[in-house]
Amino acid sequence: MTTPVLDVRDLQVTFSTREGLVTAVDGVSFRVDAGEVMGLVGESGSGKSVTGLAVLGLIDPPGRIAAGSIKVKATELVGQSEKALQKVRGKDVAMIFQDPMTTLNPVLRIDTQMIEAIRAHEQVSEKAARERARDALAKVGIPSPEERLNAYPNQFSGGMRQRVAIATALLNRPAVLVADEPTTALDVTIQAQILSEVQALCAETGTALVWITHDLSVIAGLADKVAVMYAGRVVEEGPVADVLERPIHPYTAGLIGSVPSRNKRGVPLAQIPGMTPQLSKLPPGCPFAPRCGYSTDPCRTIRPERTPYPGGRAARCHNPLDVPPNTPKADAARELTP
Amino acid sequence: MLVYLIRRIGQSLLVIAVMAVLVFLAVYAVGDPVAILANPEATQQELDAIAARLGLDRPLWEQFAIFVWNALQGDLGTSFVYSESALTVILERLPATMELAFVALVLSILIGVPLGVIAGLKPDGLAGRTIMSTSILGFSLPNFWIGLMLILLFAVELQWLPASGRGDTVDVLGVPLSMFTLDGLSHLLLPAFTLALYKSSLVIRIAQAGTREVMLQDYVRFARAKGLSPRRIVMVHVLKNMMIPVVTVLGLELGSMIAFAVVTETVFSYPGMGKLLIDSINRLDRPIVVAYLMLTVFIFVIINLVVDMLYAAIDPRVRLSEAKG
Ligand SMILES: Nc1ncnc2c1ncn2[C@@H]1O[C@H](COP(=O)(O)OP(=O)(O)O)[C@@H](O)[C@H]1O
Ligand code: SF4
Ligand SMILES: [Mg+2]
């Protein structure tokens, strides 16, 4: 078995706030192999961005990584000095962010912002770095890249800016790319384009891709596997096709229900009722219990543990919905389905 | 862009015209220059003769008309005291004041920006809090008092720097400047520092607020995600964005720097426009006062125009949107 390029184990990230210590990420584990695409899905506030930032060692006070391990190419990042992390960021692990309009520095030219990303990690001439930047722009489909290098960010559209950011992030052929909802702010058609472009680029270099989104449909056809987050925990994980087809966790089912689908056009979306919980006031049992249509008494008192299921799947639920065959729980789950 | 420029110049001309009326009326209301210029034993005929020679016997509106007519031809009157063109007298002092304001401006950037950035990067740290509370002193201590204290300390006690006057000058493109000679610099340092102190505090505040804001921006996070060193992030990404408000405010403050120079020049007996103004007010040398005020208004207007251009030069967003519009 190969070692995964990104191996996150029992990650816990806390923020000390005025309301007390908030655990934004609580015991998150996942592994991504070279060239693999993992979707990290969940509603806003579920801890996706914090997880992504933690992988780059970018959690700033009042936040901190309280426990767990993050290994990139078998090298432990948790506990590393800021200087050591600097060498990893942009080199082994890269990240792109949600809002393309604010992700590039408005007063610096594109060439400055790309060349510095190369020269932060490699001693190459300005000229060589510039050529690499130009080729990278061409690769993400930016026309006349040589001239565009001299442009400022405000001379690009949102989609083009995100392409520049992607090109910049991939300049050093990182082992891992964390993409934090990079298409959410963009037009739907451009979203799909960019996602498939990034996927193709990552496949080419063997870069492991962690694609963060609140929209399951975005990753449906593209990701290999998915981890669904709720209130700082991964509540369900597994191969993306299986999870979408037969979700085990009621929350995942709810997310799928709220995905607009072609065959249900005109039908209002089944929204998950209720609000995302306040992390400082989590109920003692299952954090999803107040919103869950399947909750039973144990749900309100006992926190569900991570339970593995066949086919490389796992979930945290006392009343799993559609358990893959050959599991004793399957029948029980069906009975409970209202 | 051209339309914008023409509109801005039109506005500027209007400001100058309004100021001309105000300045003329205000100065006319101050004292009777004839009484000061004439020999105390002079007869009424002699006084009338002086008034006639200076044009002071004519009605107010006529004096104003003559003033405007002459001003349009670049003649702002003849000094009663120096018997020379008022503008010439002032322009002779202009380099000294401009130089003082310029050195003070540079000092306030050299002092204010680094301190502001340090305070902005760690607003809750000891250094940050110390810088911010000290900067309040810079705001509240009176200019002349600081000047006197500096003279006491560096000129009287330590005897490191001269207390007054302007040092040796060299001609640069025909303008006598003292900041390129050692003696000149040593004379400039104390008054420039005095003048810079208030502005430094201002720059610290703007730079601190700017740094805090810029550090929270997505592009700084992206820069960190690229693995850039903190040094590069601060020196390139933060500084360039933060300098936009600093340059704007300082540019606008350059005018008030020249105005503040009145006090500083007087304290340090520095032979600039400000000291000339105070002397001329004491001697009721109206043409000088009028010419000084008109020239200052003119300089203010020019500075504002230049700041707008400079602003466009730093910030591509301004540059490009105005190019379109
Ligand atoms: N700087 C911070 N200070 C305090 N709490 C934070 C901070 N950043 C994130 N959190 C907490 O972490 C939770 C998850 O945030 P985030 O990872 O951004 O969610 P999302 O899944 O929408 O990306 C937030 O709801 C908040 O409670
Ligand atoms: S544990 Fe209970 S409340 Fe939580 S998701 Fe499962 S059924 Fe719902
Ligand atoms: Mg987020």
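This report walks through a predicted model, from its ligands to its salt bridges and surface.

The model is predicted, so local features need pLDDT of at least 70, side-chain atom pairs count only at pLDDT 80 or more, and totals for chains, interfaces and linings use all residues. Residues are numbered from 1 along each chain as its sequence is written, chains are lettered from A and ligands numbered from 1 in the order in which they are written, and side-chain values use heavy atoms, with hydrogens and water left out.

## Around the ligands

Start with ligand 1. A residue counts as near a molecule or strand if one of its heavy atoms lies within 4 Å of it. The shell around ligand 1 is A:F15, A:T17, A:A24, A:E43, A:S44, A:G45, A:S46, A:G47, A:K48, A:S49, A:V50 and A:L279. By class, four of these residues are nonpolar, six are polar and two are charged. Here nonpolar covers Ala, Val, Leu, Ile, Met, Phe, Trp, Tyr, Cys and Pro; charged covers Asp, Glu, Lys and Arg; the others, Gly among them, are polar.

A:V50 uses a backbone N or O atom, 2.8 Å from an oxygen atom of ligand 1. On its own, ligand 1 has 570 Å² of accessible area, and the protein covers 65% of that. Accessible areas come from the Shrake-Rupley method with a 1.4 Å probe; for residues, only the protein chains shown count as cover.

Two elements give two or more residues to this shell: strand 1 (6–17) and helix 1 (48–55) of chain A. Helix 1 of chain A gives the largest share, three residues. Helices (H or I, at least four residues) and strands (E, at least two) are DSSP runs, numbered from the N terminus.

Now ligand 2. It has 13 residues around it, and A:C286, A:C292, A:C299, A:C317 and A:H318 come nearest. Its shell has nine nonpolar, four polar and no charged residues.

## Salt bridges and a polar contact

A salt bridge is a side-chain nitrogen of Lys or Arg within 4 Å of a carboxyl oxygen of Asp or Glu. Over all chains, the structure holds 28 salt bridges. The table gives three of them.

| Residue pair | Distance, N to O |
|---|---|
| A:R31 and A:D7 | 3.9 Å |
| A:R134 and A:E146 | 3.4 Å |
| B:R221 and B:D218 | 3.7 Å |

Take A:R31 and A:D7, whose side chains meet in a salt bridge. A:R31 lies in strand 2 (residues 20–32) of chain A and A:D7 in strand 1 of chain A, so the pair ties together parts that are 24 residues apart in sequence. Buried means under 20% relative accessible area, exposed over 50%, and partly exposed in between (1.4 Å probe, protein chains only). A:D7 is buried because its relative accessible area is 8%. A:R31 has 33% and so counts as partly exposed.

B:R221 and B:D218 both sit in helix 9 (residues 218–225) of chain B. They are three residues apart, about one turn of the helix. B:R221 is partly exposed at 28% relative accessibility, and B:D218 is partly exposed at 21%. Elsewhere, salt bridges that share partners join A:R109, A:D111, A:R130, A:R134, A:D135 and A:E146 into one network.

Is A:R163 buried or exposed? A:R163 counts as buried because its relative accessibility is 7%. This residue is in helix 6 (residues 158–169) of chain A. Its side chain makes a polar contact of 2.9 Å with the side chain of A:Q193. A polar contact is a pair of N or O atoms within 3.5 Å; within protein, one must be able to donate a hydrogen and the other to accept it, and residues adjacent in sequence count only if both atoms are side-chain atoms.

## Chain B and its surface

Chain B has 13 helices and two strands. Of its 325 residues, 43% count as buried. Its C-alpha atoms fill a box of roughly 85 × 60 × 35 Å, taken along the principal axes.

B:L115 lies in helix 5 (residues 86–121) of chain B. B:L115 and B:A207 are 92 residues apart in sequence, yet 8.1 Å apart in space, C-alpha to C-alpha.

The surface also carries a nonpolar patch: B:L137, B:L141, B:F144, B:W145, B:L148, B:M149, B:L152, B:V156 and B:V263. Together they have about 750 Å² of accessible area. Patches are made of residues with over 30% relative accessible area and no salt bridge; like charges are joined within 9 Å, nonpolar side chains (Val, Leu, Ile, Met, Phe, Trp, Tyr) within 5 Å. Helix 7 (residues 143–157) of chain B gives the largest share of the patch, six residues. B:L141 is in the loop between helix 6 (126–140) and helix 7 of chain B. B:L141 counts as partly exposed because its relative accessibility is 31%.
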